[in-house]
Amino acid sequence: MSNVVPGVSGYQGPAGGWGAVKAVAASVFSQKAVARDIIAMFRMNQVKGFDCPGCAWPDPGHRSPMELCENGVKAVSWETTSKKASPEFFRQHTVAELWHYSDFELENIGRLTHPMKYDAATDTWQAVEWQVAFADIGEQLRNMASPEQVEFYTSGRTSNEAAFLYQLFAREYGSSNFPDCSNMCHGPTSAGLTPSIGLGKGTVELDDFEHCDLVICIGHNPGTNHPRMLTTLREVAQRGARIISINPLAERGLERFSFPQSPTDMLQGHATTLSNEYYQVKMGGDASLLKGVMKALIEMDEARILLGQEPCLDRAFLAEHTHGYQELYDDLHRCSWAELELDSGLSRNQMEDLADRYDKSNATIICYGLGITQHKNGTENVQQLVNLLLLKGNMGKKGAGICPLRGHSNVQGDRSVGINEAASEEFLVRLEGRFNISVSRKHGRSSVESIRAIERGDAKALICMGGNLAVAMPNPQRTFEAMKKLELQVHVATKLNRSHLLMAKHNYLLPALGRTERDMQASGIQSVTVEDSMSMVHASCGALKPASRWLKSEPAIVAEMARATLPNSPVNWEDMMGDYALIRDAIADVIPAFSGYNVRIAEPGGFRMDTPASRREWKTATGKANFVVSRERAVERQNQPADSLVLATLRSHDQYNTTIYGMNDRYRGITGRRDVAFLSQAEADAHGLVEGDVINIQALDDSGTPSADRVMYGLTVVIYSMAAGSIGAYLPEANVLLSLDAVDTQSLTPAYKSVPVLIRKA
């Protein structure tokens, strides 16, 4: 008889369905702004509305009256809330007191309503006038010993207009340090795709899903992280195309889906089966699995040629469009099936079956998420996906290609308009010419490098355009202490979070308009633009009354900081602040891909950024798509004790990155708690555990030595369908187990999904 564990019940229903409807209603009513939420829901993701502040899944050409999903509504209701974090609230609560709030409780206080400055004498945030705050910040920045001591962080919710002004401000000031949320998620996508296909972005459009024979979903969880994708996968399944899922955990959003806007699904209790096959790969075993599939495919190809049959590989494509096939062939020939099985956790037969399914498809899309990128070999993982696609010519043709699934709604756009610590010389020359300024050519710092620089004392100031940087980063034991060494910290935000409570010598909290709110400037109501996961750039225009008259837009805040810091700047900050069309004109002047920007976003749905690889133009050193050979073994498993596991940090269903909407994780059967660890039945048996036991988790270094300080205590075991050798726990709580030094060597993205650990009963 199984134990009854409080808050652990399992979940048998589909993704979506009545559970999603109930969750939407609960979210809306909890924020006490029902009228605002209803207005917002009818404008979200519409042609003349605002872009959802959640994920970056693209909008369809033909949109329903309510183009939304459960977690999108949570994101919007979180922003449109009537709750306020007002100056009165801050006067009554010290920072020391607020530190003891949970992450959920901090953001649930409500919207920031007034610019604030920290007062150390009373340990409180206190109201300050905007111009006083800007003047103080400008003076602090001018007094820095070097501009290189300042870090300019960007959240992926920042619009193209705000991001472009932000990097312009930083570069004119003299800093190239652009830690960015993309450094923590899809850094390996840029690092991996660029040398492989000449473009650091995906190649597919939403329309391609109407023409594919097969979709391979690997290392992502659409039910929680990009729920609108479920509608697309449902359409793929219903027209008879196959979906294959590869993921360590069994995720309901990859298994079956009941569409909440379908009367048939809702009234008849119908759900669409999504995945035809589901392969539960070990944490960190993706490269070995992919190499096994490629090895099997090539062996099938050779056997067919010997028999005089049609080959598996697209040899015409390989000859005309690729480079490095022989090196890949030789590496795969050397690979041992026994090692590939050990590292992937899948049998040779399973990898051969997957290869056979892939071979039968004439057009295949591979979709991937952070389960691929957040490893020490994340860049190589991405490149193995490309290798697999190239073998059959599934790149640059209808219904085929690679599809990285971005999280933040504009993380891709921020990079497109210049948030880049290593910008190209062409970009910098054009920027200088357009604004009559001089900028540094020094390679700047990304997120992990910025935290290390703060820790060393090389960085003295941090400006954050949104986000919750300290909490999102690995190893809060080091990160939090580093933040307290800063001379200056400025946060542009909509809500309070824990990063705002790590006090520097001088601290400012600047409240910004949300995506849903009306942005009125000198020339009238403004639209901003964002770029989705499939390189579509479109306008977003908020309509709701701002939560406070004191709020400013992000472009306005950036422009005001720049004017206060750079009094002799030749840049027309005030004009661009008053009319965002002028910002877009400047972007078009500096970045040719945005030529005709204002005209193009006036079209319904906007425009697609140029993606040469989609038409088989390869902007690489060889002029072709390149096969890139991976290391043979799974790096996370070397030198580790026999009873060690590989841990992945996970989001719950009531969560978006570090934002906690609630304490439930419906699809995994968790209610009212987050202090759990997910284990397979086999791993629980091997460790002498049953569901409900309480364990401690201790991280291991690369040599297999237990870490004295990277320990997580008191987690309740939940038995879950997942790969052997694996364990899961929620972020940001489990970030204490991560190391700032365990990163993908090519992109410096932290290894959130591959932490070697030991578990012991508490």
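Trainee: Which residues is histidine 114 in contact with, leaving aside its neighbours within four places in sequence?
Mentor: Pro87, Ala127, Val128, Leu509, Pro511 and Trp550. Keep in mind that this is a predicted model.

Trainee: Is histidine 114 buried or exposed?
Mentor: Buried. Its relative accessible area is 9%, and the cut-off for buried is under 20%.

Trainee: And where does histidine 114 lie?
Mentor: In the loop between β3 (111-112) and β4 (116-119).

Trainee: What is the strand order in the open sheet with β4?
Mentor: The order is β5-β4-β17-β16-β15-β6. That is 6 strands, and the pairing is mixed.

Trainee: Which are the edge strands?
Mentor: β5 (124-127) and β6 (150-154). Each pairs on one side only. On average, neighbouring strands of this sheet are turned by 20° against each other, direction ignored.

Trainee: Stay with β6. How many bridges does it make with β15?
Mentor: There are 5 bridges, in the parallel sense. Strand β15 covers residues 461-465. Phenylalanine 152 has isoleucine 463 in β15 as its bridge partner.

Trainee: Which helix packs on the sheet there?
Mentor: Helix α8, residues 160-173. It touches β6 and β15. The direction of α8 makes about 170° with that of β6.

Trainee: New topic. How many salt bridges does the structure hold?
Mentor: It holds 47. One of them joins lysine 442 and glutamate 148. Their closest N and O atoms are 3.0 Å apart.

Trainee: Why does that pair tie together parts that are 294 residues apart in sequence?
Mentor: Look at where the two ends lie. Lysine 442 is in the loop between α21 (425-435) and α22 (447-456), while glutamate 148 is in the loop between α7 (130-142) and β6, so the link spans 294 residues of sequence. Glutamate 148 is partly exposed, with a relative accessible area of 33%.

Trainee: What does glutamate 733 form a salt bridge with?
Mentor: Arginine 674. The closest N and O atoms are 2.7 Å apart. Glutamate 733 lies in the loop between β30 and β31 (755-761), and arginine 674 in the loop between β26 (659-660) and β27, so parts 59 residues apart in sequence are tied together.

Trainee: Which of those two is buried?
Mentor: Arginine 674 is buried, at 9% relative accessible area. Glutamate 733 is partly exposed, at 30%.

Trainee: You mentioned β27. Which of its residues are buried on each side?
Mentor: Val676 and Phe678 on one side, Ala677 and Leu679 on the other. Both faces of β27 (residues 676-679) are covered.

Trainee: How many bridges join β27 to β29?
Mentor: There are 4, and the two strands run parallel. Strand β29 covers residues 706-719. Leucine 679 stands opposite isoleucine 719 there.

Trainee: And in which sense do β27 and β30 pair, parallel or antiparallel?
Mentor: Antiparallel, over 2 bridges. Strand β30 covers residues 726-730. Alanine 677 has alanine 729 as its bridge partner in β30.

Trainee: Last one. Which residues make the nonpolar surface patch of about 350 Å²?
Mentor: Trp18, Val21 and Leu267. Valine 21 sits in helix α1 (residues 17-30). It counts as partly exposed, at 33% relative accessibility.

How values were computed. Residues are numbered from 1 along each chain as its sequence is written. This is a predicted model: local features need pLDDT of at least 70, side-chain atom pairs count only at pLDDT 80 or more; totals for chains, interfaces and linings use all residues. Side-chain values use heavy atoms; hydrogens and water are left out. Patches are made of residues with over 30% relative accessible area and no salt bridge: like charges are joined within 9 Å, nonpolar side chains (Val, Leu, Ile, Met, Phe, Trp, Tyr) within 5 Å. Accessible areas come from the Shrake-Rupley method with a 1.4 Å probe; for residues, only the protein chains shown count as cover. A salt bridge is a side-chain nitrogen of Lys or Arg within 4 Å of a carboxyl oxygen of Asp or Glu. Buried means under 20% relative accessible area, exposed over 50%, partly exposed in between (1.4 Å probe, protein chains only). Two strands pair if DSSP finds at least two bridges between them. Axes are lines fitted to C-alpha atoms, for helices over the stretch in contact, and angles run from 0 to 180 degrees between N-to-C directions. Contact means heavy atoms within 4.5 Å.
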